[in-house]
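This report covers one protein chain.

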Amino acid sequence: MAKPTQVLHLEPSVELTFKGPFTEVVTSHLRLHNPSDRIVYFKVKTTAPKYYCVRPNSGIMKPNETAVISVMLQPVDQASTLESERTKHKFMIQTAFANSTDTPVETFWKSADPQQVMDSKLRVHFVPGTESTAPSSSETVISDVKETTPVKAPSFGQDRDLQKETDLRRRVEHDKVNLERENRELRDRLEMIAKSAQQSGIEGMPVIQVFLIALAALLVGLILGKLF
């Protein structure tokens, strides 16, 4: 029994193009349109999951609805690596009709009849450049479905967090050095005040009283210094 023909209109319909540089994430967009009067479930699969992140990689399309799928090529060190594996990179868009949207996407595909599943295959093409196609703002993007990305997307805030942590550590070290220096200066000033107090005719006074007098004099000096 032959499989049914793909109901969705795909743009592009034959080949996904990715424009470099490939040392950063490169995004290509796939537009899906449901011209029928029935509900369609879809999912996107690839033969090279470690290279791509697809969002959303599955979902539900109502009659006459259009979805834009973002296919993100993960960074690679050398473009030659991609070119050598280009023929191995393919995508498949599988679809199937449904009577309602009540069934969760993952549950639907676990019980879908393989004989009723429609599919389309896309090749991949890598081109040097700096631009990638962008979705039209007038189209509806299906983004409120549960999805599982085939590869882990890079954490773009990781470098920022690391820099913040480094700056905080430097500030803590700087404050620690300043506190140690101020502590040494405080001890030296206390010793000088205590010696001055003893030389002013209060020898024989208990050490604790001499220390308290010196500390009080130091605090008065600090307060006056801040006031003036």
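## Ring pairs

Rings of Phe, Tyr and Trp (its six-membered ring) pair if their centres lie within 6.5 Å; planes under 30 degrees apart count as stacked, over 60 as edge-to-face and the rest as tilted. The structure, a predicted model, holds 6 aromatic pairs. One of them joins Tyr41 and Phe108. Tyr41 belongs to strand 4 (residues 39-46) and Phe108 to helix 2 (residues 105-111), so the pair ties together parts 67 residues apart in sequence. Helices (H or I, at least four residues) and strands (E, at least two) are DSSP runs, numbered from the N terminus.

Phe108 also pairs with Trp109. Here the centres are 5.4 Å apart and the planes stand at 85 degrees, so this pair is edge-to-face. Tyr41 and Phe108 are both buried. Buried means under 20% relative accessible area, exposed over 50%, partly exposed in between (1.4 Å probe, protein chains only). Phe108 has 12% relative accessibility; Trp109, also buried, has 13%.

## A cluster and a charge over a ring

Phe18, Phe22, Tyr52, Phe91 and Phe126 form a cluster linked by ring pairs.

Arg38 places its charged end over the ring of Phe97, 4.3 Å from the ring centre. The criterion is NZ of Lys or CZ of Arg within 6 Å of the ring centre and within 35 degrees of the ring normal.

## Around Ser120

Ser120 lies in strand 9 (residues 118-127). It is buried, at 14% relative accessible area. Leaving out residues up to four places away in sequence, Ser120 touches Gln6, Leu10, Phe91, Met92 and Ile93. Contact means heavy atoms within 4.5 Å. Ser120 and Phe91 are 29 residues apart in sequence, with their C-alpha atoms 8.2 Å apart.

The side chains of Ser120 and Gln6 make a polar contact at 3.1 Å. That term means a pair of N or O atoms within 3.5 Å; within protein, one must be able to donate a hydrogen and the other to accept it, and residues adjacent in sequence count only if both atoms are side-chain atoms.

## Confidence and conventions

Mean pLDDT (the predictor's confidence in each residue, from 0 to 100) is 77 for the chain, and 64% of residues reach 70 or more. Over residues 131-159 it is below 50, yet this stretch has 61 contacts in the model beyond near neighbours in sequence. Where pLDDT is low, the predicted coordinates should not be read in detail.

Residues are numbered from 1 along each chain as its sequence is written, and side-chain values use heavy atoms, without hydrogens or water. Local features need pLDDT of at least 70, and side-chain atom pairs count only at pLDDT 80 or more, while totals for chains, interfaces and linings use all residues.
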